[in-house]
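Hello,

Here is the structure I promised to pass on to you. Please open it alongside this note, and I will walk you through what turned up.

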Amino acid sequence: MEEVDAAAAALADASPVAVPDGLAVGLADGLAQELTEAMAEIHRRGWCDGTGGNFSCVASREPLVLLMAPSGVHKGRVRPEELIQVDAAGRVITGNGKASAETALHLAIVEACGAGAVLHTHSQAGTLLSQWALQSGGGWLELADLEMLKGLEGIHTHATSARVPVLPNDQDLPRLSAQAQPLLAGAPHGLLIAGHGLYAWGRDLGTAQRHLEILEFLLEQRWRQLLLQALTAAAPAPTWNP
């Protein structure tokens, strides 16, 4: 979920960067409205129940500013004016509320991948399969030979596989972000945290939302495939009676 560690809490006392003129960012250009609509849709699909999940868009590159939901709120009900702006150090520079400790991982993804939006969900499939993949001894989850893979930017055929990195959960978000950093550039626009959920990203909000929907579909398909394989293996062999 959205635990705030001591390091994140200490940021509240630090001096924030200056905000560029007119950065009332999403309200002026529609980005805030688009982000809250995306969050409501993601909640509707059951991927961020309760106060789970966190979502951000890049509002400014120089200086870097993220527009995101504050920590500890119901993401399906956030209004555009309730969003916060966060600087490159994870400090809130505009708006009320706390930034999630997981902001550190959002910032790492933006830096490593040039992402324009990062969407983090807590779906059943993502939570279940991330644990299964890690317990199976792999640091990744393979998704292969499916038409829906072509919805991920850079993939043009079903006859391929995508390996989604899986990391163990860690309440020390700077440490978790450092572990994720070398894996991000080669990841298929997604990263799993075991027992926690999926991070998906894209060059803009629309692309990130598409990647999220594709990856969530592929995760759902993968656990159903594993279930089908288990049921088939456990079923008695068919008999033939002439």
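Let's begin at H189, which sits in the loop between α6 and β8 (190-193). Keep in mind as you look that this is a predicted model. H189 is not a glycine, yet its phi is positive, at about 65°. With a relative accessible area of 18%, H189 counts as buried, because the limit for that is under 20%.

Is D145 buried or exposed? Its relative accessibility is 53%, so D145 counts as exposed.

The peptide bond that joins E62 and P63 is cis, with omega at about -5°.

Next come two helices. In α4 (residues 103-113), the buried residues are T103, L105, H106, L107, A108, I109 and V110. After α4 comes G114, with a positive phi near 65°. The other helix is α6 (residues 173-184), which holds S177. S177 has a relative accessibility of 7% and therefore counts as buried. Which residues does S177 touch, not counting those up to four places away in sequence? They are A104, L105 and A108. Two of these, L105 and A108, are also on the list of buried residues of α4.

The largest nonpolar core has 39 residues, and L35, L83, L141 and L149 are the ones that touch the most other members. Several elements give two or more residues to this core: the helices α3 (31-44), α5 (124-135) and α7 (205-234), together with the strands β1 (54-61), β5 (117-121), β6 (140-144), β7 (161-167) and β9 (197-202). The largest share, 7 residues, comes from α7.

Setting aside neighbours within four places in sequence, L141 is in contact with L129, W132, A133, A162, R163, V164, V166, L192, L219 and R222. There is also a second, separate core, made of 21 residues, and L64, A101, A115 and A180 are among them.

I hope this helps you find your way around. Do write back with any questions.

Best wishes

Methods: Residues numbered from 1 in each chain as written. Predicted model: local features only at pLDDT ≥ 70, side-chain atom pairs only at ≥ 80, totals over all residues. Heavy atoms only, no water. Core = buried A, V, L, I, M, F, W, Y, C linked by side-chain atoms within 4.5 Å. Buried < 20%, exposed > 50% of the residue type's maximum accessible area, 1.4 Å probe, protein only. Helix = DSSP H or I, 4+ residues; strand = E, 2+ residues; numbered from the N terminus. Contact = heavy atoms within 4.5 Å.
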